[in-house]
Amino acid sequence: IGVSASTCNDLLLLGENGIALGGLSCLIGHCFPVLHGFHGGKGVSVGAAIALAVDWRVFLVVIATFLISAFLSKKVSLGSVCASVSISVAALIFQVSTPRLILAFVGMVIVVFQHRENISRLIKGTEPDFKPAKI
């Protein structure tokens, strides 16, 4: 479903499972890098790339969700968490393949897990607002 002849080259190595394994490996490597003592980023940028690997329509939903929720709340962390949840919802709506759906759900779980401290501050009302840097 959703695979055209032009994307056939993307499927040469392990097919759909390869896309899912590659995306998951990138996310885990970003969130838990060995050379930094398994402490790293929260994986949102890689999550956006995963959304694009899942389906271009999912990617558009994820980006729109991030922008709307971050700008309305003035909290980047809330935008990140909302975007990570939207990847799974959009993957279900657009009926992506099973490996891509699993990638979307596992990616969502990892990003939400990595943001657990931010979520706690959001609930307490102590999460800082986003302030653009002065040039």
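**View 1. What covers the buried side of α4.** In this predicted model, the cover over the buried residues of α4 includes α2, α3, α5 and α6 (116-124). And which residues of α4 are buried? They are S77, G79, S80, V81, A83, S84, S86, I87, S88, A90 and A91. You'll spot several serines in that list, among them S77, S80 and S84.

**View 2. α4 from end to end.** This helix runs through 18 residues. From the first C-alpha to the last, α4 reaches 25 Å, close to the 26 Å expected at 1.5 Å a residue.

**View 3. I87 and its contacts.** Now zoom in on one of the buried residues of α4, I87. Leaving out residues up to four places away in sequence, what does I87 touch? Its partners are G47, I50, A51, V58, V62, A104 and M108.

**View 4. The largest nonpolar core.** I87 turns up again here, in a core of 19 residues. Along with L27, I50, V54, V58 and V62, I87 touches the most other members. The helices that each give two or more residues to this core are α1 (15-31), α2 (44-54), α3 (56-73), α4 (76-93) and α5 (98-114). Which of them gives the largest share? That's α5, with five residues.

**View 5. A nonpolar patch on the surface.** V34, L35 and F38 form a nonpolar patch on the surface, and together they have about 390 Å² of accessible area. To find F38, go to the loop between α1 and α2.

How values were computed:
Residues are numbered from 1 along each chain as its sequence is written. This is a predicted model: local features need pLDDT of at least 70, side-chain atom pairs count only at pLDDT 80 or more; totals for chains, interfaces and linings use all residues. Side-chain values use heavy atoms; hydrogens and water are left out. A nonpolar core is a set of buried Ala, Val, Leu, Ile, Met, Phe, Trp, Tyr and Cys residues joined through side-chain atoms within 4.5 Å. Buried means under 20% relative accessible area, exposed over 50%, partly exposed in between (1.4 Å probe, protein chains only). Helices (H or I, at least four residues) and strands (E, at least two) are DSSP runs, numbered from the N terminus. Contact means heavy atoms within 4.5 Å. The expected span of a helix is 1.5 Å times one less than its number of residues. Patches are made of residues with over 30% relative accessible area and no salt bridge: like charges are joined within 9 Å, nonpolar side chains (Val, Leu, Ile, Met, Phe, Trp, Tyr) within 5 Å. Accessible areas come from the Shrake-Rupley method with a 1.4 Å probe; for residues, only the protein chains shown count as cover. A salt bridge is a side-chain nitrogen of Lys or Arg within 4 Å of a carboxyl oxygen of Asp or Glu.
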